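Biologist: I have a model open and want to learn how to read it. Where do we begin?

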Amino acid sequence: AEAARTVAARSSTCVPRAARRQAVIEARKVVVLGAAGGIGQPLSLLLKMNRMVTDLALYDIANVAGVAADLSHCNTNTQVKAYTGPDELAAALTGADLVVIPAGVPRKPGMTRDDLFNINAGIVKGLCEAIAKHCPNAIINIISNPVNSTVPICAEVLKKAGVYNPRKVMGVTTLDVVRANTFVAEAKGLDTRDVDVPVIGGHAGETILPLLSQATPKVLPWFTAEEAAKMTERIQNAGTEVVEAKAGAGSATLSMAYAAARMAESVLLGMAGEQGVVECTYTESSMVPGFQYFASKVRLGPGGVEEFLPLGPLSAFEQEGLEKMKGLLSKNIEAGVESDPSSM
Ligand code: NAD
Ligand code: LMR
């Protein structure tokens, strides 16, 4: 971003953990692609409230000028600008430090995330081509579903352009962690802000694997095997729970915006040199044998992913879950890697 300006980082209110931090950081430009959508609007509001975000570029194919005008009246220091349609995409992206992508269609009841592949693959591909051209060094947070496939699609586009850095392309799986934290806190009578449940694998059905055995803090009695299986299923189906409750009006938007704002903040804190910033995210790595892409805990830093953290000991149930997801996750990854970008 345009260099020298520095601000005291006061985080958005959604991440109490980071609200205590007062890091001194450089000016940061964050771009939201799909900013007029169900996720894009509340996410943009949360980013406008985050003092680490000095410039906020809102891009969509329609209706984004009003969103930016509306947000620009909030008396925070973040400068907001609207960009509409492909002619303005280059300007939106130029100088970006972080690009967040919630562009694409959401599910309706009865659909799987894979049913979104045909439309969203083309959208993500087009946007990533522009990123490759106009901000090849930016960190990318991909929200558009199916995440298990859209991240490989993005990677393939960047590889083709010769600008791929696997440490900077992240599928956003934070909502799975947010949900797991909430549900576990409810079940165990804990303060949800204290709970941390790593969620690994991917972001669809049985590829979502919460590591309840590694959750902190622990209270006794902890989950029995049967309770752990039930809790796992609730977390895996939480997206569908929202899709059904919205009954045709889309999928999770507000909780997703909250989760994406947390992830963006962690990325920005890492960029600012904050130590010990850890999130689960879906990336390409050789961390887990047999999986080209995998969501797991990473430590974030100035270059994106600084370190892939080990999975740690898994319970027998979690080990079984890891085996069980292999088929589906590999299929999802292959669909993304093999999809012919030129035909989209
Ligand atoms: P939405 O339909 O409300 O908004 C999508 C926005 O994308 C719209 O404003 C639309 O105009 C825009 N868009 C479409 N094509 C575009 C393009 N080429 N360039 C820029 N913008 C474009 O949908 P939503 O509820 O915000 O969901 C968006 C996506 O996020 C869906 O694919 C959904 O499945 C996914 N999602 C992912 C997670 C996750 O955990 N990763 C959670 C919730 C939703
Ligand atoms: C979610 O987990 O809420 C999202 O992936 C949206 C969906 O389709 O479930």
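Modeller: With the naming of elements: helices are DSSP runs of H or I with at least four residues, strands are runs of E with at least two, and both are numbered from the N terminus. This model is predicted, so local features need pLDDT of at least 70 and side-chain atom pairs count only at pLDDT 80 or more, while totals for chains, interfaces and linings use all residues. Residues are numbered from 1 along each chain as its sequence is written, and chains are lettered from A and ligands numbered from 1 in the order in which they are written.

Biologist: Which residues come nearest to ligand 1?

Modeller: A residue counts as near a molecule if its C-beta atom, placed from the backbone, lies within 6 Å of it. Around ligand 1 there are 34 such residues, and Gly34, Gly37, Gly38, Ala103 and Asn145 come nearest. β4 (55–60) and α5 each supply at least two residues of the shell. α5 gives the most, with four.

Biologist: How does the shell around ligand 1 divide by class?

Modeller: Ala, Val, Leu, Ile, Met, Phe, Trp, Tyr, Cys and Pro count as nonpolar, Asp, Glu, Lys and Arg as charged, and the others, Gly among them, as polar. The shell around ligand 1 has 19 nonpolar, 13 polar and two charged residues.

Biologist: And which element gives the most to the shell around ligand 2?

Modeller: α9, with four residues. The residues around ligand 2 include Gly239, Thr240, Val242 and Val243, along with Arg107, Arg113, Asn145 and His203. By class, this shell has five nonpolar, five polar and two charged residues.

Biologist: Which residues of α9 are buried?

Modeller: Count C-beta atoms, placed from the backbone, within 10 Å of a residue's own: 20 or more others is buried, 12 or fewer exposed, in between partly exposed. In α9 (residues 238–246), Ala238, Gly239, Val242 and Val243 are buried. They lie on the same side of α9, because they cover an arc of only 145° around the axis. On the other side, Glu241 and Ala245 are exposed. What covers the buried residues includes α7 (174–188) and α8 (225–236).

Biologist: How do I read a pair of packed helices?

Modeller: Two packed helices are described by the angle between their axes and the distance between the axes. Take α5 (residues 117–134) and α6 (residues 147–161): their axes come within 9 Å and cross at roughly 35°. The contact includes Phe117, Val124 and Cys128 of α5, and Ile153, Val157 and Leu158 of α6. Contact here means C-beta atoms, placed from the backbone, within 7 Å. The contact residues divide into ten nonpolar, three polar and two charged.

Biologist: Where do the cis peptide bonds fall?

Modeller: One joins Asn145 and Pro146, with omega about -5°. Pro146 sits in the loop between β7 (139–142) and α6. Another joins Leu220 and Pro221, with omega about 0°. Pro221 lies in the loop between β10 (208–210) and α8. Asn145 also belongs to the shell around ligand 2.

Biologist: What is the phi of Asn63, and what is the phi of Ala247?

Modeller: Asn63 has a positive phi of about 65° although it is not a glycine. Asn63 lies in the loop between β4 and α3 (64–71). Asn63 is partly exposed, with 14 other C-beta atoms within 10 Å. Ala247 also is not a glycine, and its phi is positive, about 50°. Ala247 lies in the loop between α9 and α10 (254–271). Ala247 is exposed, with 9 other C-beta atoms within 10 Å.

Key. Axes fitted to C-alpha atoms, helices over the stretch in contact; angles between N-to-C directions. Contact = placed C-beta atoms within 7 Å. Arc of directions from axis to C-beta.
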